[in-house]
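Dear colleague,

Please find the structure below, together with a summary of what was found in it. I would be grateful if you could read the notes alongside the model.

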Amino acid sequence: MTAATTAVEAIQREMTIFARRARASAGRMHPELSLVSFTLLGHLEECGGCRATDLAAHYALDKSTVSRQVAALERSGLIERRTDPEDHRVQVLHLTEAGQEILAQVTRSRRAAFRERLADWPEEDLIRFARYLERYNAGSATAADPD
């Protein structure tokens, strides 16, 4: 086995652990807000609202998956549908005030958890790690992606 093969296997293993930890911590930070819900709310905040089909395309998710998530977020009062002023046939999803508050609360909690976990890392390592993650996430998604 080559060093590169061993490294890729280690990356896969560690990314799986990271994903499991992220899902588990999302539930602790806000019991009704899954990691997927948090991610969708964050995207809606970033883009100022979008269609459910845009969310599905952005995250390479099936429309039915996004539809279920959107329905749950609507029932929770965290998002609402508004008619697009430019095309009245289109419904655009937006955060409600409650959605903005919960997103801000969970974001603060997540940032504090990251700061605590990375507190002993030298600044140079933090910068390098951030660049590597950005580089990894900038790669194109494929059907084989574990997301």
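Is Asp-125 buried, partly exposed or exposed? Asp-125 is partly exposed, with a relative accessible area of 28%; here buried means under 20% relative accessible area, exposed over 50%, and partly exposed in between (1.4 Å probe, protein chains only).

Two remarks on the basis of these notes come before the rest. This is a predicted model, in which local features need pLDDT of at least 70 and side-chain atom pairs count only at pLDDT 80 or more, while totals for chains, interfaces and linings use all residues. Residues are numbered from 1 along each chain as its sequence is written, and side-chain values use heavy atoms, with hydrogens and water left out.

Salt bridges

A salt bridge is a side-chain nitrogen of Lys or Arg within 4 Å of a carboxyl oxygen of Asp or Glu. By this rule the count comes to 7 salt bridges. One of them joins Asp-125 to Arg-128, with the closest N and O atoms 3.1 Å apart. The two residues are 3 residues apart in helix 6, and so are separated by about one helical turn. Arg-128 counts as partly exposed, at 34% relative accessibility. Salt bridges that share partners join Glu-124, Asp-125 and Arg-128 into one network.

Glu-74 pairs with Arg-81 in another salt bridge, the closest N and O atoms being 3.0 Å apart. Glu-74 is partly exposed at 28%, and Arg-81 is partly exposed at 40%.

Helix 4

Helices (H or I, at least four residues) and strands (E, at least two) are DSSP runs, numbered from the N terminus. Helix 4 covers residues 63-75, and its 13 residues should span 18 Å at 1.5 Å a residue, which agrees with the 18 Å between its end C-alpha atoms; the expected span is 1.5 Å times one less than the number of residues. Its buried residues are Val-66, Val-70 and Leu-73. Seen down the axis of helix 4, these buried residues fall within an arc of 60°, so they line one face of the helix; the arc is that of the directions from the helix axis to the C-beta atoms. Arg-68 and Arg-75 are exposed on the other side of helix 4. Among the elements covering the buried residues are helix 2 (35-47), helix 3 (52-59), strand 1 (79-83) and strand 2 (91-95), contact being heavy atoms within 4.5 Å. Just after helix 4, Gly-77 takes a positive phi of about 75°.

Yours sincerely
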